[in-house]
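I am opening my notebook on this structure.

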Amino acid sequence: MTPREILEFAKKNKAVMVDLKFMDFPGLWQHFSVPIKVLDVSIFEEGLGFDGSSIRGWQAINNSDMLIIPDPDSAFMDPFTEHPTLSMICNIIDPITRENYSRDPRYIAQKAEAYLKSTKIADTAYMGPEAEFFVFDDIRYDQNAHCGYYFVDSVEGQWNTGREESPNLGYKPRYKEGYFPVPPVDTMQDLRSEMVLIMQQCGIEIEAQHHEVATAGQNEIDMRFDTLKRVADKLLIYKYVVKMVARRHNKTATFMPKPIFGDNGSGMHTHQSLWKGGKPLFAGNEYAGLSQMALYYIGGILKHAPALAALTSPTTNSYRRLVPGFEAPVNLAYSSRNRSASIRIPMYSASPKAKRAEVRFPDASCNPYLAFSAMLMAGLDGVENKIDPGAPLDKDIYDMKPEELTDIPSLPGSLDEALSHLENDKDFLLKGGVFTEDVIETWITYKRTKEVDAIRLRPHPFEFNLYFDI
């Protein structure tokens, strides 16, 4: 929509407030709202001011003034506000130079799409994230000098089969048996359907919804693929809808990768492909019906995966899921149909338009603008430098003996290790100025000081079980 069309859209929907959303550096939406009378065509050029020093990973207090510019193409009516509210996703501008702010994650995604076109390799990158999440009935946690604990609960939790619930009706998914059971075992059907209907209302095309593998309310709703920046926008709306619908029903939703022990964590398998002139470029006569370009793209992802992990799996909790020998695909190999490989080639359709690579190690704790941009840059590096991905691995990697895995590289075992890989392998991200040295250094410093160090300075509750009697 044009700015003038936005004014008509707001009037048609009787909006009384305008909500302006933007992404902070680590990956959470921020917002503020203004009365509808503030909405004018000029706002789309002049913007509105705010304090950038209060946003995580952004400006110092002596350079705190920033401008927010709404993107009219992102407009939707907020489905949760009591008063009709027009919502728009925004870009961040420096008020002095009038240039895009280099640490604005959405700007990095815009630069990634522009770089793709500049290479002449393709003009469009499609991304299709499959974000998994848990819906719990209760969550409590605390950490201080003398204690630390967490407690999550769900009426679906297998651990509650013996609890007094007056009455306890059973039908709780067994560990690792939560995939596709019908109600009453799946208690989330109507909740997910409500989420889907609201997502569609917000402009997100949905393909499927279902219960996921874990007990205790693990779910997945699959949105249709879209261009890189737009699908990142949609993923943020998706997460907002999931959390708000859960709250509406006095439940809570989390995209934390590994909130419970002993069952599957939540990932975000990300399907990706390149197109040019409206034609798919990943279909061909090579392995699994792929083109040579697609294989090189996969080669780039596999080569740079240890560094990518710092952006696609960017929390210390991500590595509770990415543990060798368990459910997550940590071995850096590719294969058709094989979900134990870190890159899978889906084989559901023979159509060239459906040919794509599914990267399986990311999770939804990431900043999607950064994660999708980084994966695109790694794939393009593979195409530009003709990086051979090696032979496919069609065996069940989980059943392979250790000696068979010696030549197969794996993902880092911790966020700290992933950040070290990013320090040493970042040139592919700097091409075309998509990422900057400042962005990468700020990311690494923020993650190490705010998360890695914060975790390793604190005793873990299970350490008392292991060591208190020493």
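**Notebook: backbone, surface and charge pairs**

I started with Arg98, which sits in the loop between β6 (85-93) and α3 (105-119). Helices (H or I, at least four residues) and strands (E, at least two) are DSSP runs, numbered from the N terminus. I am working on a predicted model, where local features need pLDDT of at least 70, side-chain atom pairs count only at pLDDT 80 or more, and totals for chains, interfaces and linings use all residues. Residues are numbered from 1 along each chain as its sequence is written, and side-chain values use heavy atoms, with hydrogens and water left out.

The classes I use are buried (under 20% relative accessible area), exposed (over 50%) and partly exposed (in between), with a 1.4 Å probe and protein chains only.

I found a positive phi of about 60° at Asn250 too, again not a glycine. Asn250 belongs to the loop between α5 and β13 (252-254). Its relative accessibility is 67%, so Asn250 goes down as exposed.

Next I looked up cis peptide bonds. One joins Ser166 and Pro167, with omega about 0°. Pro167 is in the loop between β9 (148-153) and α4 (189-201). The bond from Pro183 to Pro184 is also cis, with omega near 15°. I placed Pro184 in the loop between β9 and α4.

**Overall shape**

I counted twelve helices and 18 strands in the protein. The radius of gyration is 23 Å, close to the 23 Å that the globule rule gives for 470 residues, so the protein is as compact as a globular protein of that length. That radius is taken over C-alpha atoms, and the rule is 2.2 Å times the number of residues to the power 0.38. Along its principal axes, the C-alpha trace spans about 60 × 60 × 50 Å.

Of the 470 residues, 54% are buried. I then checked contacts (heavy atoms within 4.5 Å). Among those with a separation of 6 or more, 68% come from residues 24 or more positions apart.

**Tyr240**

Where is Tyr240? I found Tyr240 in helix α5 (residues 228-248). Leaving out residues up to four places away in sequence, Tyr240 touches Trp29, Asp78 and Phe80.

**Surface**

The protein exposes about 21600 Å², and carbon and sulfur atoms supply 52% of it. My areas come from the Shrake-Rupley method with a 1.4 Å probe; for residues, only the protein chains shown count as cover.

I noted a nonpolar surface patch of about 560 Å², made by Ile139, Tyr141, Tyr150 and Phe261. Patches are made of residues with over 30% relative accessible area and no salt bridge; like charges are joined within 9 Å, nonpolar side chains (Val, Leu, Ile, Met, Phe, Trp, Tyr) within 5 Å. Ile139 is in strand β8 (residues 138-143). Its relative accessible area is 35%, so Ile139 is partly exposed.

**Cysteines**

How many disulfides are there? I counted zero, taking a disulfide as a pair of cysteine sulfur atoms within 2.5 Å. Cys202 is in none, and the nearest cysteine sulfur, that of Cys90, is 16 Å away. Cys202 is buried, at 5% relative accessibility. Cys147 is partly exposed, with 29% relative accessible area.

**Salt bridges**

Side chains of opposite charge can pair when their charged atoms come close.

Asp19 and Lys21 form one of them, at 2.7 Å, N to O. Buried or exposed? Asp19 is buried at 4%, and Lys21 is buried at 3%.

Arg103 and Asp438 meet at 2.8 Å, N to O. Arg103 lies in the loop between β6 and α3 and Asp438 in helix α11 (residues 437-456), so this pair ties together parts 335 residues apart in sequence. Arg103 is buried at 17%, whereas Asp438 is partly exposed at 30%.

Asp416 bridges to Arg448, with the closest N and O atoms 3.1 Å apart. This pair links helix α9 (residues 415-424), which holds Asp416, to helix α11, which holds Arg448, 32 residues apart. Asp416 is partly exposed at 23%.

My last entry is a network: salt bridges with shared partners join Asp71, Arg106, Lys229, Arg230 and Asp233.

Conventions:
Salt bridge = Lys/Arg side-chain N within 4 Å of Asp/Glu carboxyl O.
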